[in-house]
Amino acid sequence: MKSVTESFATIIHGLRVEHLTDGVIQRSKRMILDTLGVGLLGTSTEVFYKASQYSKIYTSNLSSTVWGQPDFKLPPAYAAFVNGVAIHSMDFDDTWHPATHPSGAVLPVITALSEAVPQSPKFSGLDLLLAFNVGIEVQGRLLHFSKEAQDIPKRFHPPSVVGTLGSAAAASKFLGLSLTKCREALAIAVSHAGAPLANAATQTKPLHIGNAARHGIEAAFLAMLGLQGNKKILDMETGFGAFYANYSPKVLPAIDSHTWLLDLQDVAFKRFPSHLATHWVADAAASVRKHLVTGGAPLPVDRIQKIVLRIPDVQYVNRPCPDSEHEARHSFQYVACAALLDGTVTVPSFHKAQIDRPQIRQLLKMVELEYPEDNLPSFNTLYCEVTVTLKDGATFKERTNTFYGHWRKPLSQEDLQEKFRANASRTLPIDKVESLIRLIENLEDVEDCSTLITLLKGSCPRRLQNVPCT
């Protein structure tokens, strides 16, 4: 009988362009566009600068572009690493259910390899879509093997685990590995996987995505060289099962009856750069603000006595007094106060000067958290209620069940493209930004993906000699 691990290797090796559905192509093109945008924006961050400076010590006969940096190339594994770090540097990348950030570990692998390892015939847009979706599919299938994965994580960051295997799967698909070597790449990747949640809200968390991308490439290259691992790594509690409680793996269906999980479950796209759970809070707080403010008047902070957030119990997003951009991105309290004070949450909301505003600090002292029993820590079911009580006793309450950008209320294509323009234009000239939008929109018709790499290089040296501004 075929093992679970062998069934994964069979899917990675055997899926072909003709297996892609229209729905999967359209959804994955949106994911690719969004990921490129947040990655290009992320090249302005301090954590990207530090990862880039570190990676310069590595050289190779093969090299790949660092997005937005025309004169900066690295060995493919390290180009994937720094591009992955950029993607997650602001926690602005897509989120799936069960919980993970699926795209950031996979797309940098494909762009790095497509440049460093030229294909004959040329690597097409459909080839890119196939490799990308194989990497996404492997992550989703693994996440469905555990009830623990259905909830917002408590012990480790999922992209560091399933993302590493998705990266290895995408690299194996791109490199055309045999079924046996696909299986070995998965086994090797498992020994590269894992990162604790204790590093959430720090500069180290973006490394989880970068490392997943890098380690997936390394696993595929090592498998190519004949390195071997456990042939049943995905079948065993002491294998991949070590990461999840209640691990219950199942053999995947045969290719001729394969269905894509992305066809069944879309992703969420963020409107501002912070932990996904804070997006419910922002929408509810902004709705309450409308009761408190008329016209262009400021929020009457001095009239507020208490702010109550009714949210799921997610402790690593419970940060009453955030002191950095990374802590603020993982703070229910901060995002609620920023939305109340400003009416919206944006990229600049997480600059240090915004976090340290006296009115924000005043509001933070008023916030209380409550955890209703029915508000479970799942991105598929959670809700948020924000209640503001004034000193005169007046109370205003609003509830958000689904924020705009969630898979139940997806961003329009127009709004997704506007997000991309706002992000990418901070690094690329506007003509290249518009060219990238058109290219991704018609990606399935692109015959040679080298055009994509050319556009991603940018056109002028960026801030790699000095610490960036954000």
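Predicted model: local features only at pLDDT ≥ 70, side-chain atom pairs only at ≥ 80, totals over all residues.
A residue counts as buried when its relative accessible area is under 20%, and by that rule strand β5 is mostly covered, since 7 of its 7 residues are buried.

Strands of a sheet pair through backbone hydrogen bonds, and the pairing may be parallel or antiparallel. The table sets out the pairs found in this sheet.

| Strand pair | Sense | Bridges |
|---|---|---|
| β3 and β4 | parallel | 4 bridges |
| β3 and β5 | antiparallel | 6 bridges |
| β5 and β6 | antiparallel | 6 bridges |

Single residues can be followed across these pairs. Arg310 has Glu370 in β4 as its bridge partner, while Ile307 has Val388 in β5 as its bridge partner. On the other pairing, Glu385 stands opposite Arg399 in β6. The strands β5 and β6 also form a hairpin, with 4 residues between them, and Gly393 in the turn has a positive phi of about 95°.

Which residues of β5 lie on one side of the strand, and which on the other? Side chains in a regular strand alternate between the two faces of the sheet. In β5, Cys384, Val386, Val388 and Leu390 are on one side, whereas Glu385, Thr387 and Thr389 are on the other, and all of these residues are buried, which leaves both faces of β5 covered.

**Helices across the sheet**

Within helix α11 is the place of Ala282. Is Ala282 buried or exposed? Its relative accessible area is 4%, so Ala282 is buried. Leaving aside residues up to four places away in sequence, Ala282 touches Phe272, Val335, Ala339 and Val345. Ala282 and Ile440 are 158 residues apart in sequence, and from C-alpha to C-alpha they are 30 Å apart in space.

**Other helices**

Helix α2 (residues 22-42) and helix α6 (residues 125-143) pack at an angle of about 85°, and their axes are 10 Å apart. Angles of 65 to 115 degrees count as roughly perpendicular, and α2 and α6 are therefore roughly perpendicular to each other. On the α2 side of this contact are Val24, Ile25, Ser28, Lys29, Met31 and Ile32, which meet Leu126, Leu128, Leu129, Phe132, Asn133 and Ile136 in α6. Sorted by kind, the residues in the contact of α2 with α6 are 9 nonpolar, 2 polar and 1 charged.

Helix α9 (residues 205-224) has 20 residues, and the distance from its first C-alpha to its last is 30 Å, which is close to the 28 Å expected at 1.5 Å a residue. This helix α9 is mostly covered, with 14 of its 20 residues buried. After α9 comes Gly226, whose phi is positive, near 100°.

Definitions and conventions:
Residues numbered from 1 in each chain as written. Heavy atoms only, no water. Axes fitted to C-alpha atoms, helices over the stretch in contact; angles between N-to-C directions. Helix = DSSP H or I, 4+ residues; strand = E, 2+ residues; numbered from the N terminus. Parallel < 35°, antiparallel > 145°, perpendicular 65-115°, else oblique. Contact = heavy atoms within 4.5 Å. Nonpolar A, V, L, I, M, F, W, Y, C, P; charged D, E, K, R; others polar. Pairing = 2+ DSSP bridges. Expected span 1.5 Å × (residues − 1). Buried < 20%, exposed > 50% of the residue type's maximum accessible area, 1.4 Å probe, protein only.
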